[in-house]
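I opened my notebook today to look inside a protein model and write down what I found. Come along and follow the entries with the structure beside you.

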Amino acid sequence: MRPTTLVSAALVSLILPAAAGAQDTTHFTHADTLRGDINAPGRAWWDAEFYDLHVAVNPADSSVSGWNAITYRVVSAPREMQLDLREPIAIDSVVQDGRHVAARRDSNAFFVRLPDAGRVGGRGTVTVYFHGRPRVAHHAPWDGGVVWTRDSLGNTYVASAVEGFGASGWWPLKDTEADEPDSQRVAITIPDPIIDVSNGRLRSVTHHPDHTTTWEWFVTNPINSYDVALNAGSYTHFGWIYEGENGPLTMDFWPLAYHRQAAEQQFKQANAMMSCFEHWFGPYPWYRDGYKLVETPHLGMEHQSAVAYGNRYQNGYLGTDLSGTGLGLLWDFIIVHESAHEWWGNSLTSKDHADMWIHESFANYAEAIYTECRFGKEAGAKYQIGSRKRVRNDKPIVGHFGVNDEGSGDMYYKGGNMLHTIRQLVNDDEKWRGILRGLQSTFRHQTVTGKQVEDYISQQAGMDLSPVFAEYLTTTMIPSLEYRVENGTLAYRWTDVVPNFAMPVRVTLGGSTLTRGGSTVVEGGDSVVLHPTAQWQTMPTTIRDASQLHVDENYYVTARPVSSVPQP
Ligand SMILES: [Zn+2]
């Protein structure tokens with residue numbers, strides 16, 4: 001999703017409010033609990049099956065109006081139903097089987113007691129009519145809401161970007177990542193001649209006498225709610241067929257009409273992206289809905305089968321390299337990062353926002369994988385390692401559960417480097433690729449917990465990685481290897497680690513260091529895998545002093561020689 005990074009003075013001010021670790025994140029409101037409790041009683045008894053969403057968009061006064069017919073399966077004894085819709089959007093009416101149902105509003109949620117909710121195992125449909133002016137996103141995609149603007153020719157240009165903030169910022173639904181509908185219609189009505197491009201495939205275009213047009217899009221797969229997108233602009237369209245692992249895949253592109261030439265050039269990169277990610281992660285998850293890039297007035301977002309693109313047809317991240325290695329300037333960050341989310345975030349979605357690392361750590365790691373596909377394994381590693389300087393260790397990556405809280409922005413760079421480190425532990429690239437593809441096939445089109453992902457990797461790797469995940473995801477520490485060389489003995493241990501942390505680490509003993517391509521490399525020497533724990537261990541060594549020990553920089557750890565080791 002949001003590529004949260006400080007890249008320029010202009011962006012710093014936009015990002016800091018959301019990223020600042022100084023905020024009190026231990027206090028949560030009643031509204032946070034309503035939004036974030038994935039097992040709330042008003043949510044648990046029913047399972048969203050289909051959202052039939054119809055929204056009329058009125059750029060003249062920045063308002064929306066419409067209805068969502070929610071079809072649900074009853075999974076346990078019905079009680080009051082909780083739905084979510086952010087203030088100040090008003091609920092006009094709630095209707096079931098032609099009868100109006102009273103709604104009780106509680107901040108950004110509302111509750112209805114359905115006269116005929118249905119029996120366990122059965123289905124029901126409830127329709128919510130609404131209207132209002134959704135929060136304006138001034139700093140999308142970082143703040144969340146709807147962007148109302150004009151393109152450089154003065155044409156209407158509107159887009160939604162609501163990750164974290166929530167889809168309930170512009171339409172009513174059960175707004176939790178834990179429950180995705182099996183399919184969804186997104187029918188957007190907008191004044192002519194503006195075109196709306198939403199998720200999935202275009203089913204119909206209906207012109208109305210009042211000079212508006214309804215663009216009916218349909219997603220045939222489960223979709224997480226923040227991915228449901230409104231993109232309205234003066235678009236043109238081109239596309240092609242990509243022969244992928246699961247057969248022909250439509251790739252469609254919707255740039256603003258006056259950017260067509262630039263788009264035709266830049267979007268060729270989508271082929272290399274698709275080829276690389278299908279190899280490493282498995283088939284693109286949405287062959288039936290197709291792949292799309294849609295130009296937006298904001299930087300980008302992983303909107304499922306309609307990835308938002310606002311990187312101005314240049315390589316890098318708005319023309320800069322997040323890794324500081326130069327490698328990030330060789331490809332378009334938004335095409336690569338946001339498309340990676342089709343696998344990590346969209347097909348495989350975290351149930352609770354606190355586990356958002358499942359989306360961002362893997363998407364960050366995918367940037368390095370893409371670099372590896374294009375420029376070789378060493379380049380991929382260099383990109384990943386280069387991104388470490390962006391780690392802040394301000395707070396844990398995993399946020400608070402049940403309150404729609406996201407953890408530290410370290411979920412990008414620290415999380416990606418954690419995965420790169422685990423690859424070293426697996427020490428078998430084909431096995432590692434099998435684990436990534438296995439995660440995708442095992443949890444395809446599902447919502448998952450972080451623990452499910454961690455346990456799967458541990459099982460497939462054949463090692464208990466839970467202390468490794470705990471260290472990188474739940475603390476602000478980086479493992480530090482302490483060591484000392486004296487009289488032919490090497491002593492070593494981990495510090496700054498969680499209990500039972502015993503991660504192996506590769507070091508080179510001896511050899512000589514030299515600078516090559518701007519980085520320090522070790523030549524010669526003995527490559528040895530140490531198995532440190534929090535207790536001191538020793539081994540005989542031929543190196544004379546601590547300067548002759550070099551930790552393999554592919555492991556995201558620090559190392560420090562110490563002057564004395566306590567005697568046992
Ligand atoms: Zn992302």
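This is a predicted model: local features need pLDDT of at least 70, side-chain atom pairs count only at pLDDT 80 or more; totals for chains, interfaces and linings use all residues.

**Entry 1: around W357.** I picked W357 and listed its contacts, skipping neighbours within four places in sequence. My list holds F362, I397, V398, M411, M418, G450, V453, E454, F469 and L473. I kept F362 in mind for the next entry, where this residue of helix α7 turns up again.

**Entry 2: aromatic pairs.** I searched the whole structure for aromatic pairs and got 36. A pair of rings is described by the distance of the centres and the angle of the planes.

I then checked where the two residues sit. W344 is in the loop between α6 (333-340) and β21 (348-350), while F362 is in helix α7, so the pair ties together parts 18 residues apart in sequence. Are these two residues buried or exposed? W344 is buried, with a relative accessible area of 1%. F362 also counts as buried, at 1% relative accessibility.

Y365 belongs to helix α7 and W432 to helix α10 (residues 429-442), so to speak a link between distant parts of the chain, 67 residues apart. Both Y365 and W432 are buried.

**Entry 3: the cavity.** How many cavities of 30 Å³ or more does the structure hold? I found one. The volume of the largest cavity is about 130 Å³. I counted 13 residues in its lining, with R35, T176, E177, H353 and N404 nearest the centre. By class, the lining has two nonpolar, six polar and five charged residues.

**Entry 4: the second largest pocket.** I moved on to the second largest pocket, which has about 920 Å³ of space. Its lining has 33 residues, and E378, I385, D552, E553 and N554 are the closest to its centre. Sorted by class, I have seven nonpolar, 14 polar and 12 charged residues. Which element supplies the largest share of this lining? The answer is α8, with eight residues. Among the other elements that each supply at least two residues are α9 (410-426), β25 (505-509) and β30 (549-551).

**Entry 5: a look at α8.** I stayed with α8, residues 377-386. Why can I call α8 largely enclosed by the rest of the structure? Seven of its 10 residues are buried, and that is the reason. The buried ones are A379, G380, A381, Y383, Q384, I385 and G386. I also looked up what covers them, and the cover includes α6, α7 and α9.

Methods
Residues are numbered from 1 along each chain as its sequence is written. Side-chain values use heavy atoms; hydrogens and water are left out. Contact means heavy atoms within 4.5 Å. On a 1 Å grid over the protein atoms alone, a cavity is a set of points where a 1.4 Å probe fits but cannot get out, and a pocket is an open set with protein on both sides within 12 Å along at least five of seven lines; lining residues have an atom within 4 Å of a point. Grid points are joined across faces, edges and corners, and a volume is the space filled by probe spheres set on the points. Ala, Val, Leu, Ile, Met, Phe, Trp, Tyr, Cys and Pro count as nonpolar, Asp, Glu, Lys and Arg as charged, and the others, Gly among them, as polar. Rings of Phe, Tyr and Trp (its six-membered ring) pair if their centres lie within 6.5 Å; planes under 30 degrees apart count as stacked, over 60 as edge-to-face and the rest as tilted. Helices (H or I, at least four residues) and strands (E, at least two) are DSSP runs, numbered from the N terminus. Buried means under 20% relative accessible area, exposed over 50%, partly exposed in between (1.4 Å probe, protein chains only).
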